[in-house]
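Take a walk through this structure, one feature at a time. Keep the sequence beside the model as you read.

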Amino acid sequence: MKQQGKDLGLCLCTVCRQLNGSDDSHCSRCGSELHVRDYSSLQKSWALLITAAILLVPANLYPITVLTNQGKVRHDTIFSGIIHLVQSDMFPIAIIVFIASILVPWVKIIGLATYLCAISFNLPISKKKLMVGFHIIEWIGRWSMLDLFVISLTVALVNMGQLLDAKPAPAATAFALVILLTQLAAKVLDTRLLWDRLENQDDTN
């Protein structure tokens with residue numbers, strides 16, 4: 001069994017990355033509070049992830065944009081908006097919206113749920129694979145906001161005309177919360193719990 005920092009009497013500051021003694025209550029460099037392991041982070045991460053998964057339903061079912069064209073009002077959900085972009089021959093934007101609005105949020109929620117289940121229930125999954133997956137999830141999560149950026153840019157461009165008017169709809173708020181909560185679910189989790197919970201598992205699984 002490989003030794004961990006806590007076995008050597010060491011504790012890493014999660015703020016400035018300074019190594020401290022496991023008996024120290026605060027970091028010697030930045031003064032932040034130290035925890036050898038933050039066991040409450042697992043519950044916090046689960047709560048944030050479940051809330052994000054619930055909000056993903058209204059984010060996909062309710063309109064995300066309202067477009068008024070010559071008196072006609074059009075409500076578009078994420079999916080109908082993608083179809084409309086395809087029918088308008090705007091394939092590159094449709095692909096960006098599909099990846100950022102549908103693919104990335106679902107992959108992130110499923111990936112985080114798998115990661116949390118592996119820690120909570122000691123699933124026989126390699127720690128190395130889980131850590132690689134976790135870093136990928138953190139990285140792609142930053143690009144989820146690309147969809148809201150595209151919506152904001154489209155709204156700004158469309159509103160430049162006199163006959164067209166575009167506004168974000170309620171689903172835009174739900175979608176932004178989904179992205180924010182999944183980011184927080186990944187950030188609050190103490191990844192050192194993985195090494196403890198799966199210590200006896202074979203990394204070559």
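Which helices each supply at least two residues of the lining of the second largest pocket? They are α1 (40-61), α4 (127-141) and α6. The model is a predicted one.

Stay with this pocket. It holds about 450 Å³ of space. By class, eight of the lining residues are charged, five are polar and five are nonpolar.

Helix α6 covers residues 170-188. Its packing partner here is helix α3, residues 91-121. Two packed helices are described by the angle between their axes and the distance between the axes. For α3 and α6, the angle is about 30° and the axes lie 11 Å apart. The crossing of α3 and α6 is left-handed. On the α3 side, the contact is made by Ala100, Ser101, Pro105, Lys108, Ile109 and Leu112. On the α6 side, Phe175, Ile179, Thr182, Gln183, Ala185 and Ala186 make the contact. Eight residues of this contact are nonpolar, three are polar and one is charged.

Turn next to the strands. β3 spans residues 65-69 and β4 spans residues 72-76. How do they pair, parallel or antiparallel? The sense is antiparallel, and the pairing runs over five bridges. Threonine 65 stands opposite aspartate 76 in β4. Asparagine 69 has lysine 72 of β4 as its bridge partner. Two residues lie between the strands of this hairpin. One of the residues of the hairpin, glutamine 70, takes a positive phi near 55°.

How values were computed. Residues numbered from 1 in each chain as written. Predicted model: local features only at pLDDT ≥ 70, side-chain atom pairs only at ≥ 80, totals over all residues. Heavy atoms only, no water. Axes fitted to C-alpha atoms, helices over the stretch in contact; angles between N-to-C directions. Helix = DSSP H or I, 4+ residues; strand = E, 2+ residues; numbered from the N terminus. Left-handed = near helix turned anticlockwise from the far one by under 90°. Contact = heavy atoms within 4.5 Å. Nonpolar A, V, L, I, M, F, W, Y, C, P; charged D, E, K, R; others polar. Pairing = 2+ DSSP bridges. 1 Å grid on protein atoms, 1.4 Å probe; cavity = no way out; pocket = protein on both sides within 12 Å on 5 of 7 lines; lining within 4 Å. Points joined across faces, edges and corners; volume = space filled by probe spheres on them.
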